[in-house]
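Dear colleague,

Please find below the structure that I am handing over to you, together with its sequence. My notes on what was found in it follow.

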Amino acid sequence: MSGAREARPPAPCASERLKRVAAERAAERVLPGMRIGLGTGSTVAQLLDVLGERAARGELEGIVGVPTSVRTAERARELGIRLAELDEVEPLDLTVDGADEVGPGLDLVKGLGGALLREKMVAQASGALMIIVDESKLVGRLGERTPLPVEVVRFGWRAHMALFRELGSDPLLRRLEDGSPFVTDNGNYMVDCRFPDGMEDPTALEETLRRRAGVVESGLFLGMASAVVVAGERGVTVLERGGT
């Protein structure tokens with residue numbers, strides 16, 4: 001008998017394991033017949049796998065999803081999750097998404113995955129927004145760890161950079177590995193605005209960006225999350241708006 005050992009797949013890294021745990025907890029709130037907004041990113045990819053497994057067991061009959069990106073739509077179809085356009089099924093019962101940062105009051109920074117515009121549209125059309133993250137995404141001040149993504153139209157995009165600097169950030173056009181600009185599913189550019197000391201007043205910042213012609217949307221999701229599922233080494237915690 002050969003002494004060779006049977007090859008085994010590598011164990012998942014700690015962050016992926018935590019994302020899976022958080023996704024499983026969030027998926028418990030998805031019930032048969034629901035209209036669900038499906039976010040974008042690695043955490044949501046774990047959620048889609050869980051929903052696909054439950055759907056295959058016949059536990060989620062009648063659910064329909066609204067994807068926030070081409071990537072999410074492709075994966076959902078592979079898993080047999082029925083999809084629809086937002087205008088066909090709104091209002092939605094629930095949207096489940098990830099976040100790049102979760103700050104005080106469950107305010108969020110999103111958009112490193114490049115789908116912030118569609119994510120915000122779907123979230124606004126939902127009765128509840130549940131966010132799933134691992135504990136590394138919790139911050140005391142938004143902007144501490146990640147830049148703020150700002151989606152802008154291609155025309156005259158450089159004209160915004162001076163404003164972004166005046167607002168206290170170090171803006172950088174997002175680019176692909178080959179050096180070409182990253183283009184969103186909506187055909188726009190993305191500028192990542194890094195705040196060295198975090199954002200002093202996210203609400204005022206969001207209002208300023210909203211008034212700027214050519215700025216499509218920012219990754220600030222303020223006052224939108226209903227609950228945040230946080231997975232850590234000690235287990236899963238659910239933070240509810242207005243609670244703990």
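Helices and strands are named here as DSSP runs, of at least four residues in state H or I for a helix and at least two in state E for a strand, numbered from the N terminus. On that basis, Pro91 falls in the loop between α4 (86-89) and β3. Please bear in mind throughout that this is a predicted model.

Backbone features

The peptide bond leading from Glu90 into Pro91 is cis, its omega being near 0 degrees. Leu106, although not a glycine, has a positive phi of about 65 degrees. Most residues other than glycine have a negative phi, and most peptide bonds are trans. Leu106 belongs to the loop between β4 (101-102) and β5 (108-109). Because its relative accessible area is 8%, under the 20% limit, Leu106 counts as buried.

Helix α2 comprises 15 residues and spans 21 Å from its first C-alpha to its last, close to the 21 Å expected at 1.5 Å a residue. Its buried residues include Thr43, Val44, Leu47, Leu51 and Arg54.

In soluble globular proteins, nonpolar side chains tend to be buried together. The largest nonpolar core here has 25 residues, and Leu47, Leu51 and Ile132 have the most contacts inside it. Two or more residues each come from α1 (14-27), β1 (35-38), α2 (42-56), β3 (94-97), β6 (129-134) and β12 (227-232). Leaving aside residues up to four places away in sequence, Leu51 touches Ala27, Val30, Leu38, Leu60 and Ile81. A second, separate core holds 20 residues, among them Val109, Tyr189, Cys193 and Leu222.

Helix α5

Two residues of this helix deserve a note. Glu119 is found in α5, and its side chain makes a polar contact of 3.2 Å with that of Lys110. Why is Glu119 classed as buried? Its relative accessible area is 4%, and therefore under the 20% cut-off. Beyond its neighbours within four places in sequence, Glu119 is in contact with Gly39, Thr40, Thr68, Asp97, Lys110, Gly111 and Phe221.

Ala123 also lies in α5 (residues 116-124), and its relative accessibility of 7% means that Ala123 too is buried. With residues up to four places away not counted, Ala123 touches Thr95, Leu129 and Met224. Ala123 and Val228 are 105 residues apart in sequence, while their C-alpha atoms are 14 Å apart in space.

Aromatic rings and charges

How many aromatic pairs does the structure hold? There is one. Trp157 and Tyr189 form this pair, which is edge-to-face, with 6.1 Å from centre to centre and 80 degrees between the planes. The pair links distant parts of the chain, 32 residues apart: Trp157 is in the loop between β7 (148-152) and α6 (161-166), and Tyr189 is in strand β9 (residues 189-194). Both Trp157 and Tyr189 are buried.

Charged groups sit over two further rings. The charged end of Lys120 is placed over the ring of Phe221, 4.8 Å from the ring centre. Arg174 lies over the face of Phe182, with 5.3 Å to the centre of the ring.

With kind regards

Terms used:
Residues are numbered from 1 along each chain as its sequence is written. This is a predicted model: local features need pLDDT of at least 70, side-chain atom pairs count only at pLDDT 80 or more; totals for chains, interfaces and linings use all residues. Side-chain values use heavy atoms; hydrogens and water are left out. Buried means under 20% relative accessible area, exposed over 50%, partly exposed in between (1.4 Å probe, protein chains only). Contact means heavy atoms within 4.5 Å. Rings of Phe, Tyr and Trp (its six-membered ring) pair if their centres lie within 6.5 Å; planes under 30 degrees apart count as stacked, over 60 as edge-to-face and the rest as tilted. A charge sits over a ring if NZ of Lys or CZ of Arg is within 6 Å of the ring centre and within 35 degrees of the ring normal. A nonpolar core is a set of buried Ala, Val, Leu, Ile, Met, Phe, Trp, Tyr and Cys residues joined through side-chain atoms within 4.5 Å. A polar contact is a pair of N or O atoms within 3.5 Å; within protein, one must be able to donate a hydrogen and the other to accept it, and residues adjacent in sequence count only if both atoms are side-chain atoms. The expected span of a helix is 1.5 Å times one less than its number of residues.
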